[in-house]
Amino acid sequence: MNADELNFAHLDFGRSKRTGFGETVFGPGKTPEQLCSILEAFRERGIRVLCTKCSDEQAAAVAAHGISAEYDPVPRLLLSAWGADPPPLGSVAVCTGGTGDIPVAEEAARTCAFFGAQVSRFYDVGVAGLHRILNRTEAIRTADVVIVVAGMEGALGSVVSGLVSAPVIAVPTSVGYGANFQGLSALLAMINSCAEGMSVVNIDNGFGAAMMACRILHLLRSRETQS
């Protein structure tokens, strides 16, 4: 059997060479034993790997197997502790409408940090108290990319996009009352925004927003290096 074949999975050890970023493993659907086998294969090659949406049971199995990885139960991320740290990318500001959005925001923030970005957090700055975001605007403007995570009516992304010059990536969350339809109302509000320069990812997809931010930063760093 080839080193990249585990019967149930065909592992990708060359992703960083193609995209500039290491591998990410989606946790749901994998048994704890399968996840451990995947992590061990990457560890043998010294390749850093991030696992998303992991359960407590999966994290406990990884720890029991002696695999060096940090588990953060808030965003449900497993972050490998081996391999060289990535080169610094740039800065990302992560904002949330409320505290209920923090799990998704932390998925974005910790993913950005794992891949080399410097992260600043601006949590609970939603439009229900507009002064909160206005009081933090100058600090947010220093970031190269801004990620805005919000549920309910999803208005924070539009507000921030009208205040900063950096690219804004909006993440609708499933946080909200009955007619929010598990985040669909925030998603539709964000994709119908009149604010320029804002992109939108899927509901609760903090990881997707983080990778978009990191790719923007990677492109900026590559051009700076070439000039």
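Tutor: Let us begin with a cut-off: a residue is called buried under 20% relative accessible area, exposed over 50%, and partly exposed in between. Keep in mind that this is a predicted model. K53, at 25% relative accessibility, therefore counts as partly exposed.

Student: Which residue does the side chain of K53 meet in a salt bridge?

Tutor: The general idea is that a salt bridge pairs a side-chain nitrogen of Lys or Arg with a carboxyl oxygen of Asp or Glu within 4 Å. Here the side chain of K53 meets that of E107, with 3.3 Å from N to O. Because K53 lies in the loop between β2 (49-52) and α3 (56-64) while E107 belongs to helix α4, the pair ties together parts that are 54 residues apart in sequence.

Student: Is E107 buried or exposed?

Tutor: E107 has a relative accessible area of 2%, so it is buried. Among the residues that touch E107 is T52, which lies in strand β2 and is itself buried, with a relative accessible area of 5%. Leaving out residues up to four places away in sequence, the contacts of T52 also include T24, F26, R76 and F207.

Student: How many salt bridges does the structure hold?

Tutor: There are six. One of them joins E106 and R121, whose closest N and O atoms are 2.6 Å apart; since E106 lies in helix α4 and R121 in strand β6 (residues 118-122), this pair ties together parts that are 15 residues apart in sequence. E106 is buried at a relative accessible area of 11%, whereas R121, at 39%, counts as partly exposed. In another salt bridge the side chains of E138 and R141 meet, at 2.4 Å from N to O; E138 counts as exposed at 54% relative accessibility, and R141 as partly exposed at 40%. Salt bridges can also form a network, as they do among E70, D72 and R110.

Student: Which residues of α7 are buried, and what covers them?

Tutor: A helix can be read by looking down its axis to see where the buried side chains point. In α7, A186, L187 and M190 are buried; seen down the axis, the buried residues fall within an arc of 100°, so they line one face of the helix. The cover over these buried residues includes β7, β8 and β9 (198-200).

Student: Which residues form a nonpolar patch on the surface?

Tutor: The patch is formed by F181, L184, L188 and I191, which together have about 380 Å² of accessible area. Of these, L188 is found in helix α7 (residues 184-191), and at 41% relative accessibility L188 counts as partly exposed.

Note on methods. Residues numbered from 1 in each chain as written. Predicted model: local features only at pLDDT ≥ 70, side-chain atom pairs only at ≥ 80, totals over all residues. Heavy atoms only, no water. Patch = residues over 30% accessible without salt bridge, like charges linked within 9 Å, V, L, I, M, F, W, Y side chains within 5 Å. Areas by Shrake-Rupley, 256 points an atom, 1.4 Å probe, with all protein chains shown as cover. Helix = DSSP H or I, 4+ residues; strand = E, 2+ residues; numbered from the N terminus. Buried < 20%, exposed > 50% of the residue type's maximum accessible area, 1.4 Å probe, protein only. Arc of directions from axis to C-beta. Contact = heavy atoms within 4.5 Å.
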